[in-house]
Amino acid sequence: MAKATKGSRAERPHFFCSACGHEEARWFGRCPACGAWNTAAEAPRAAGAAGRGARARWAPRTGEAAVGGRGPRPLAHVEVGAAQRLPSGLREFDRVLGGGVMPGSIVLVSGDPGIGKSTLMLQLAETLAALGRGVLYVSGEESEEQVRLRAGRLGPVPGSLLVLTETDLEAVLEAAAQTRPDIVVVDSIQTLARADLEGGPGSVSQVRECALALLHFAKGSRAAVFLVGHVTKDGAVAGPRVLEHMVDAVLYLEGERYQHYRVLRAAKNRFGSTHELGVYEMTDSGLQEVANPSQAFLSERRGVEPGTAVVASLEGTRPLLVELQALVATSFYGTPQRVTSGFDPRRLALLLAVLERRVGLRLGRHDVFVTVTGGLTLDEPGTDLGLALAVASSYRSRPVLEGTLAVGEVSLSGELRRVARVEARVREAAALGFRRAAVPAPQAADVRVAGIEVVPVATVREAIGELLGAKVEVRPPGAAAAGAPGAAAPRGGPARGPGAP
Ligand code: TYD
Ligand code: MG
């Protein structure tokens with residue numbers, strides 16, 4: 001008897017790490033799993049009660065619970081219902097999810113404040129409702145009126161779109177039980193709370209328990225649940241790390257707050273790849289899909305200037321052309337600065353070392369700044385050559401020849417390595433009027449694209465030798481102001497290299 005009580009988990013105090021979700025029976029000062037200090041949080045005594053309630057309350061539509069409750073049985077005997085994805089009508093969104101909304105899935109949509117999460121979710125709700133789906137939009141942050149106003153901005157508001165402003169988990173689950181929607185949006189998980197738990201909304205245990213209850217609801221009812229999640233200053237989803245482990249997919253909406261492009265990408269996806277990304281533009285009437293992102297990202301490019309290079313980054317199935325900008329300037333402080341935005345700083349450090357040792361550029365006393373246009377984040381080795389060229393171009397004040405695409409991974413020896421799908425990248429460039437593509441020498445023979453001169457390059461050194469145009473005099477700002485009115489003339493003008501038309 002006593003044994004049984006002791007064994008029951010809910011009776012024992014039980015703690016978990018708010019950083020990584022690791023569980024321990026006893027309190028800990030430092031998490032044994034991830035090493036973080038002071039992250040122990042006591043799990044609620046009635047842990048999972050609402051979850052169990054949720055599981056019991058929704059007689060699943062397909063006749064059986066999606067998670068738990070059956071005991072082991074042969075995998076081969078598990079019937080596979082035709083898991084019909086629901087195309088949402090938002091093409092880019094569907095692409096990132098892997099081809100539409102999966103019934104019974106739970107998806108976390110995350111991003112900085114003000115980036116457009118609520119806007120995206122409301123657009124999703126509207127298009128799905130317009131397609132005849134039952135949609136419940138739960139807002140814990142905005143009033144009904146605010147949601148209505150925003151919805152009106154985004155397009156016609158379908159009659160079947162339900163809104164609920166509520167922060168109590170039980171009330172949300174109750175409403176969902178009554179209305180039996182196909183899709184539930186919860187904006188945001190940090191505003192929800194279970195009344196019987198200690199801790200305010202947004203606290204680690206509240207976020208965890210509410211997400212768990214919604215997970216059971218999703219699996220039991222076959223409704224797709226979208227949770228909006230805030231991120232902390234360092235970019236992680238606020239609340240327990242375990243939230244990311246619980247859900248089926250984690251989508252990030254990214255971009256520069258004051259630029260109009262937004263990129264949606266999956267950091268985790270149980271139903272598709274994590275490489276696809278969707279590109280949006282924030283307009284007065286919500287997020288608009290960008291049909292040709294390469295063109296959009298390069299549209300602000302004005303002629304050729306030293307320090308810029310165009311690369312083709314393979315994002316999922318499609319290559320995206322983006323401009324990399326580098327600025328190399330004499331450093332006035334002891335330690336030269338290396339500042340990047342949208343590019344991995346360690347990758348930059350590696351490429352700078354290669355430029356120093358294999359090409360002989362003396363970068364040790366220079367600050368190096370790197371940015372990627374469009375607010376995109378690049379993490380694909382095929383963009384190495386472009387970055388090396390942009391840095392060398394800025395350092396030498398010689399622009400990369402106009403109309404040139406640079407493709408290639410740079411090895412520590414300074415040689416260029418093969419990249420995936422080189423021809424697809426070059427084709428994307430050809431479609432946008434590029435005339436020349438520098439590709440790794442071993443792959444040059446594979447690339448045949450009309451209108452493109454293929455320049456095989458074996459090493460970074462060779463690429464810098466062949467692809468930089470004539471030196472451009474950099475006038476200090478004072479000199480330009482003192483010069484003739486013409487000094488402020490077209491920026492692209494004097495920068496044209498011999499390759500210019
Ligand atoms: P929002 O979706 O509220 O961001 P989040 O939920 O991620 O905090 O988006 C807020 C920003 O988007 C706000 O600055 C206004 C802007 N916006 C538009 O530019 N156009 C629109 O149609 C809408 C609805 C918002
Ligand atoms: Mg919001």
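Helices (H or I, at least four residues) and strands (E, at least two) are DSSP runs, numbered from the N terminus. The views show a predicted model, in which local features need pLDDT of at least 70 and side-chain atom pairs count only at pLDDT 80 or more, while totals for chains, interfaces and linings use all residues. Residues are numbered from 1 along each chain as its sequence is written, chains are lettered from A and ligands numbered from 1 in the order in which they are written, and side-chain values use heavy atoms, with hydrogens and water left out.

**View 1. Leucine 363 in the loop between α10 and β16.** Leucine 363 sits in the loop that runs between α10 (345-359) and β16 (366-372). This leucine 363 is buried, its relative accessible area being 0% (buried means under 20% relative accessible area, exposed over 50%, partly exposed in between, with a 1.4 Å probe and protein chains only). Leaving aside residues up to four places away in sequence, leucine 363 touches Val328, Arg338, Leu352, Leu355, Glu356, Val391 and Tyr395, where contact means heavy atoms within 4.5 Å. Its C-alpha atom is separated by 9.6 Å from that of serine 331, which is 32 residues apart from leucine 363 along the chain.

**View 2. The surroundings of ligand 1.** Around ligand 1 there are 17 residues, of which the closest are Gly114, Ser118, Thr119, Thr283 and Gly286; a residue is near a molecule if one of its heavy atoms lies within 4 Å of it. At least two residues of this shell come from each of α4 (117-130), α5 (144-154) and β11 (277-283). A polar side-chain atom of serine 118 lies 2.7 Å from an oxygen atom of ligand 1, and a side-chain N or O atom of arginine 150 is 3.1 Å from an oxygen atom of the ligand. A nitrogen atom of ligand 1 lies 2.6 Å from a backbone N or O atom of threonine 283.

View 3. The buried residues of α5 are Val147, Ala151 and Leu154. Seen down the axis of α5, these residues fall within an arc of 55°, so they line one face of the helix (the arc is that of the directions from the helix axis to the C-beta atoms). Among the elements that cover them are α4, β5 (135-139), β6 (161-165) and β12 (286-289), whereas Glu145, Leu149 and Arg153 are exposed on the other side of α5. Glycine 155, which follows α5, has a positive phi, near 150°.

Key: A polar contact is a pair of N or O atoms within 3.5 Å; within protein, one must be able to donate a hydrogen and the other to accept it, and residues adjacent in sequence count only if both atoms are side-chain atoms.
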